[in-house]
Amino acid sequence: MLETGRPAAVSPARRRGSLATDPMLIAAGTSLLTATLVLFAGPKLAVVAPAAALLAGWSSAWSP
Amino acid sequence: MGMTINPAVSGGRRRWLGHSAAFLLGAFFGGLLTLTGALAVVALADRAVPLHGLAVLGAAAIAWAALHDLGVPLPLPYRKRQVPEWLREVLPQSVVAAIFGGMLGIGFLTLFTYSTQLAVFLALPFLGSVPTMLGVVATFALGKTLVLAGVARARSLDEIPVYWNATGVGVLRTATAAVSLTLAWSLVHTA
């Protein structure tokens, strides 16, 4: 593994990452978005599939 | 993927953006390969089973995977492989990024642990128009690449954020199951 830059001395807050890229918030937000889309547009595949695709791409990277 | 494609490994923010773009393109073309395969399977199966019947079968498979997300002990043949990390030692970073993107874009060459990925690929052939299918594949690739935004500020591997906790896993599994079941419902309703 290549490693460059400054090592260590990272604050716990920084190590936790920002809220904007938090997988939990993204997942919850995407499911809310999907529910809203279905509420207004009905259960149309062309409407639900893009939101599901975003979550599929995003969530698959976060394997515990 | 954040451990492989980040500013620290790339050697700067500008190069990292280039490697992220290579990953995005790879993921998109990988998704196109799976889309092509899915369309071929549906075209063949359509001779034996009506299209709506295939959609119902797809929805049933999605529901099965969603229940697995929710913790129901159902067997699911996830492929427990990762990308070949040794490539990082022998190929340029941009090529590695594109290859890894392609492998993850295909979707089923490596481990994935949530039902939405299966749901999206099962639903793709039923979308009705090629531009919509391409848009969904592009969104999928974008979702894969957005993960890299989480490491944008990392100047060393020690700064790669760690998000995981039990609550996070629970929320993610519940959200993916809910979205997958909604997609399954839409699939039966639309096709």
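Colleague: What should I know before I start?
Modeller: It's a predicted model, where local features need pLDDT of at least 70, side-chain atom pairs count only at pLDDT 80 or more, and totals for chains, interfaces and linings use all residues. Residues are numbered from 1 along each chain as its sequence is written, with chains lettered from A and ligands numbered from 1 in the order in which they are written.

Colleague: OK, at what angle do α3(B) and α8(B) pack?
Modeller: About 170 degrees, with the axes 9 Å apart; axes are lines fitted to C-alpha atoms, for helices over the stretch in contact, and angles run from 0 to 180 degrees between N-to-C directions. Helices are DSSP runs (H or I, at least four residues), numbered from the N terminus. So α3(B) is roughly antiparallel to α8(B) (over 145 degrees).

Colleague: Which residues of α3(B) touch α8(B)?
Modeller: Among them are A55(B), I62(B) and D69(B). Contact means C-beta atoms, placed from the backbone, within 7 Å.

Colleague: Switching topic: how do α3 of chain A and α6 of chain B cross?
Modeller: Roughly at 140 degrees, and their axes come within 8 Å. α3(A) and α6(B) are therefore oblique to each other. The α3(A) side of the contact includes A49(A) and A52(A), and the α6(B) side includes A119(B), V120(B) and A123(B).

Colleague: And what does L183(B) contact, leaving aside neighbours within four places in sequence?
Modeller: V48(A), A49(A), A52(A), I62(B), A119(B) and A123(B). On the α8(B) side, L183(B) is also one of the residues making the contact with α3(B).

Methods:
Helix = DSSP H or I, 4+ residues; strand = E, 2+ residues; numbered from the N terminus. Parallel < 35°, antiparallel > 145°, perpendicular 65-115°, else oblique. Contact = placed C-beta atoms within 7 Å.
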